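User: Could you walk me through how to read a contact between two chains? I would like the general idea and then the case at hand.

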Amino acid sequence: MKIVVCVKQVPDTKGGVKFNPDGTLNRAAMLTIMNPDDKAGLEAALRLKEQYGAEVTVVTMGLPKADEVLREAMAMGADKGILVTDRVLGGADTWATSSTIAAAIRNLEYDLIITGRQAIDGDTAQVGPQISEHLDIPVISYAQDIKIDGDYVIVQRQYEDRYHELKVKMPCLITALSELNEPRYMTPGGIFDAYDKEVTVWGRADLKDLDDANIGLAGSPTKIAKASDKVRKGAGEKVTLDAEESVAYIMGKLKEKHVI
Amino acid sequence: MGLEEYKGVFVFAQQVDNVLDGVAFELLGKGKDLAKDLNTEVTAVLIGSGVKGLADQLAEYGADKVIVVDDPELKDYRTEPYTHALASVINEYKPEIMLVGATAIGRDLGPRVSARVKTGLTADCTVLEIGDFPLNPVPGKENEQKHNQLLMTRPAFGGNTIATIACPDNRPQMATVRPGVMQKIEPIKGAKANIVEYNPGFTPDHKYVEILNIVKAVKNTENIMEAKILVSGGRGVGSAENFKILQDLADVLGGTVSCSRAVVENGWKPQDVQVGQTGKTVRPNVYFAIGISGAIQHVAGMEESDIIIAINKDEDAPIFDVADYGIVGDLNKIVPALTAALKAELG
C-alpha cells in the first residue's frame, strides 16, 4: 500500500504568540511546527504502515525552509519526503494550493492520501477536500478512526453529535483530526536516518497537468482586500476587592444592566 | 459566461434527520441583509430525502424562494451526492453569493463544491458585507474597481489577525459562517416562499461512500450557543468537582455552564460545552469568565458577548483586556457568595 501524507509548516500560535511593542503579531519571533492535525495524519499513516505494511511519502508545499517538517516526518518514520517549492506558487489561496498539491500527487502512486483536517494558521479545513475533488477521488473528512479492509478503508467520520462509520474503496483521501491519536516522538536513530533519506524538491516545471491560471497569487480566486491585527474591544473596569465587596460590585452591575 | 449573469443570494439550509440546523436560519438572516443591499432575493437550498415539508419554516425565517433537491440518495449526509446536488443547483440557477454553515457538514461540502464549480471559498467568516474591491480605487485605474462585491471578514492565525477577502473574478462568491455568529430574524408566522423542486439525477459512482453505521452521541441537553447567560470556568476552577459552585451560580440565574479548552483537556467537562476557536462561538447577554486566563483562542469564541464579567486571581490575566467588569480575587470565595446574594435578591 502506498500512502501520501500532506503536511504544512505553520507558526506555533498555541501559547507561543508573540507581539511587537506596537501590538502587532511578531511572526519572526514565533517558532514553526508541523501542523498538529497533519501530525496526527502522519501518525495514522505510520500506524497503518506498521499494521499492514505501507510506503509513506510526505508532501509539503512552502518555502525551502519547509524541508524541516519533512525531516521531522522522516525522523518519525516516513519513507520519502517531497518539497514543492517555487516562487510562482507563493500567495496561493486554498483553490490554488489544492490545485498545486493535486498536481504534485499526480506524479506519485497512491492508495490513500491523508491530510490534516485544518492548519492552525488559516483554520480553513478546505485544502484536503479540494485536493480530493481535483483528483476525482472520494473524501472522508474529520476522521477519528481509520481501518483497512482489503481494498477498502473503514473510517469513523465525526460530526457534532454523532459519527458515521463509512466504507469506501481506495484510492481515497482522508482528513485527520488531532483526536485520532497521540503522535510519536522522533527517535535519535530516526533523526540520524532522516538525513540519509531522500527529499525530492519539485518546482513549477515538475508539476504537469497544471494550468498557470490555477497557481500562486494570480491563480487564486480569493483576494485579500485588507488584513490587520485584530482590534479588540478595550478593557473595561478592573477592580481588586474582597469577596463581600466583589459580590456587591457584581450585583450593582447586574442591576445597572437590568440582568436582574 | 459573464459574471453579471449570476444573481441572488443563496443559503445552504442544512438539515440532519430532517430537522433544520439553526445555522440555516442565521444565514437566512444575514442573506436577507445582503440581498437587500443588492436589490435581489434570498433563496434557501434544501437538500435531503423527504424534506420538502421544511420549506415553510425557511420562509418564516426569511427565504423568498426555496429550491428543494429531494432524493433517497440524500437521506444521510455524504459528501458526493450532496456536492453533486449543491454544485448542480449552482450551475443551474447561478447565484452570485452562496453561503454555507461552517459545521462538520458545511466545512466538507463547501470546499468540495467550490472546487467543482471553480470558485473561491472563504472559511469561517464573522462579517459579511457588500462593498467595493479594491476597497479604495487605485489611482489611474478607477474604472477597474468592482462594486457590489461580497466582502468576507474572517479571523486567522488563531484569532490574532483578521482579513477581509473578496472573490472578484469568480462566481458564486462562497463563504462559510460559523454557527452563532449571524443573527436570525424573528420568524414571520405564515410566511410563504416560492418553492422550486429540482433533481439533477443521482447515479452512485466510485465517490459514493457507504454508510455502515450511524452512532449518535449521548445528547447533551444544554446548548451553550442558545444560552442567554453563560457561567464559564477555566483551569483556575481547579477540579471537576469544583464546577459545582459554577453550576449553582448558573442555576440561580437560569444560565448554563460552559468552559475553556483546558477544562476539556483535563477531562472536567465534555467538549460540547467548550467555548473558543476549537469549541463553540457564543454571544450571550452575560458571560462570566471564572478562572479563565483568556487565551486568544478562547477570547475569539466569546468576545461578542454583551457583558463580560471576569473573576481571576491573576491581575495580569489577559481576560481582563476584554472584560467589561473584571474582579481580581478568589473565585472560591466570590462565586458562592454571589450565588447566595442572588438567591436572596431573586427569592
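Analyst: Happy to! Let's begin with one pair of residues: A:Ala227 stands opposite B:Ala163 in S10(B). Please keep in mind that this is a predicted model, where local features need pLDDT of at least 70, side-chain atom pairs count only at pLDDT 80 or more, and totals for chains, interfaces and linings use all residues. Residues are numbered from 1 along each chain as its sequence is written, while chains are lettered from A and ligands numbered from 1 in the order in which they are written.

User: Which strands are joined by six bridges, and how do they run?

Analyst: Strands pair if DSSP finds at least two bridges between them; strands (E, at least two residues) and helices (H or I, at least four) are DSSP runs, numbered from the N terminus. Here strand S12 (residues 223-229) of chain A and strand S10 (residues 161-166) of chain B run antiparallel, joined by six bridges.

User: How many residues does the contact take from each chain?

Analyst: Residues are in contact if their C-beta atoms, placed from the backbone, lie within 7 Å. Chain B supplies 75 residues and chain A 67 residues. On the side of chain B that touches chain A, helix H8 (residues 331-346) gives the most, with eight residues.

User: Why is helix H2 of chain A described as largely enclosed?

Analyst: A residue is buried if 20 or more other C-beta atoms, placed from the backbone, lie within 10 Å of its own. Seven of the 10 residues of H2 (residues 67-76) of chain A are buried, so the rest of the structure largely encloses this helix. Among them are A:Val69, A:Leu70 and A:Glu72. Just after H2(A), A:Gly77 takes a positive phi of about 135°.

Conventions. Contact = placed C-beta atoms within 7 Å. Buried ≥ 20, exposed ≤ 12 C-beta atoms within 10 Å, placed from the backbone.
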